[in-house]
Amino acid sequence: MTDFTTFGQQQRPQFEAYLEQALAYQLEEPTLKKAMQYSVMAGGKRLRPLLLFAVLESAKLPIDLNAMRVAGALELVHSYSLIHDDLPAMDNDDLRRGRPTNHKVFGEAQAILAGDGLLTLAFDWLTTTNLPADKQVQLVRILAQAAGANGMVAGQVEDIEGQTKQLRLAQLKQLHHLKTGCLIEAAVEMGALLADLNPIQKAALLTFAKYYGLAFQIQDDILDVTSTAAVMGKAVHKDAIEQKNTFPGLLGLAGAQAELEQTCQQAQQALQSLIGLDQTLLNSFLSYFDEQENK
């Protein structure tokens, strides 16, 4: 079984090629096409698709065109969320993945529409696979719930409203569970559905993803304090300037680092109850946090 780094090196090129070809083939309106492609094809970690692929790999199943399209739908929703997050009315960011944000290139109106296009295209992709109709419906439900008013969007609302008050640790964790964690959990849940895993296996994967998503956000908060814009590909030190609730702000830098370590241990423990699947690859996904810390 390969590790996280090797697995990413193996899977990203073919996934990038799939995204590029599918978008080029399906999009027609020229300006909208450029704006949508600009953000989707800007690179990035592709963690959510890789998690979905890793579930299939752990179950010794092929990563076929159906899996590519389902993972692509996840990435379209993630890209839409970044475009809208960067808008002046939201986080007001000028830099994303080392490039000007979408609205800086195409204007606010086109950026909003590009995000709208990506969000709706995601559900088109989920319903145009060769999977059985009942699985297509379940995939739509999983993604809609994760990205919608009781998931990611609710987290975005809590993030905005939280800027005017001091959150407790439990509230901060819940905010990021919604804003970041739900889509990461959707990745493994969709992978579990494609792999026909049993309820016990699915529960273990969702627990792992819950802690993985939280660890991802804790580290993002830490790197906003310790890293640079050149390394991160986006503005840093903004959280403190805008008085956002963050893990270092609430716990101190050392406290946040301790919380990250504990959360990674909880993710690792969840995998220990994953019976019948090879845990090695998913366990190696935790090395992502060491790689980011050492950049």
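Since the model is predicted, local features need pLDDT of at least 70 and side-chain atom pairs count only at pLDDT 80 or more, while totals for chains, interfaces and linings use all residues. Residues are numbered from 1 along each chain as its sequence is written, and side-chain values use heavy atoms, with hydrogens and water left out.

Let's start with empty space. Rolling a probe the size of a water molecule over the atoms shows where such space is left. For us, a cavity is a set of points, on a 1 Å grid over the protein atoms alone, where a 1.4 Å probe fits but cannot get out, and lining residues have an atom within 4 Å of a point. Grid points are joined across faces, edges and corners, and the volume is the space filled by probe spheres set on the points.

How many cavities of 30 Å³ or more come out of this rule? The count is 2. The largest cavity has a volume of about 110 Å³. Its lining has 13 residues, and those nearest the centre are Ser-39, Ala-42, Asp-86, Arg-96 and Asn-102. Helices and strands here are DSSP runs, H or I of at least four residues and E of at least two, numbered from the N terminus. At least two lining residues each come from α2 (30–40), α4 (65–85) and β2 (99–100), and α4 has the largest share, with 3 residues. By class, that lining splits into 5 nonpolar, 4 polar and 4 charged residues. In this scheme Ala, Val, Leu, Ile, Met, Phe, Trp, Tyr, Cys and Pro are nonpolar, Asp, Glu, Lys and Arg are charged, and the others, Gly among them, are polar.

The second largest cavity holds about 40 Å³ of space. Around this cavity we find Asp-85, Met-90, Asp-91, Gln-156, Asp-159, Ile-160 and Lys-179. Helix α8 (residues 152–162) gives the most to that lining, 3 residues. The classes here are 2 nonpolar, 1 polar and 4 charged.

Now for the packing. A nonpolar core is a set of buried Ala, Val, Leu, Ile, Met, Phe, Trp, Tyr and Cys residues joined through side-chain atoms within 4.5 Å. Buried means under 20% relative accessible area, exposed over 50%, and partly exposed in between, with a 1.4 Å probe and protein chains only. The largest core has 88 residues, and Leu-52, Phe-53, Met-190 and Tyr-212 touch the most other members. Helix α9 (residues 169–194) gives the most to this core, with 13 residues. Contact means heavy atoms within 4.5 Å. Not counting residues up to four places away in sequence, Leu-52 touches several residues, including Ala-67, Leu-74, Met-190 and Leu-194.

On to the cysteines. A disulfide needs two cysteine sulfur atoms within 2.5 Å, and the search of the whole structure finds 0. Cys-182 is buried at 12% relative accessible area, and Cys-264 is buried too, at 15%.

Cys-264 sits in helix α14 (residues 253–272). Leaving aside neighbours within four places in sequence, Cys-264 contacts Ala-215, Leu-286 and Phe-289.

Beyond its neighbours within four places in sequence, Glu-16 is in contact with Met-41 and Arg-46.

Terms used: On a 1 Å grid over the protein atoms alone, a cavity is a set of points where a 1.4 Å probe fits but cannot get out, and a pocket is an open set with protein on both sides within 12 Å along at least five of seven lines; lining residues have an atom within 4 Å of a point.
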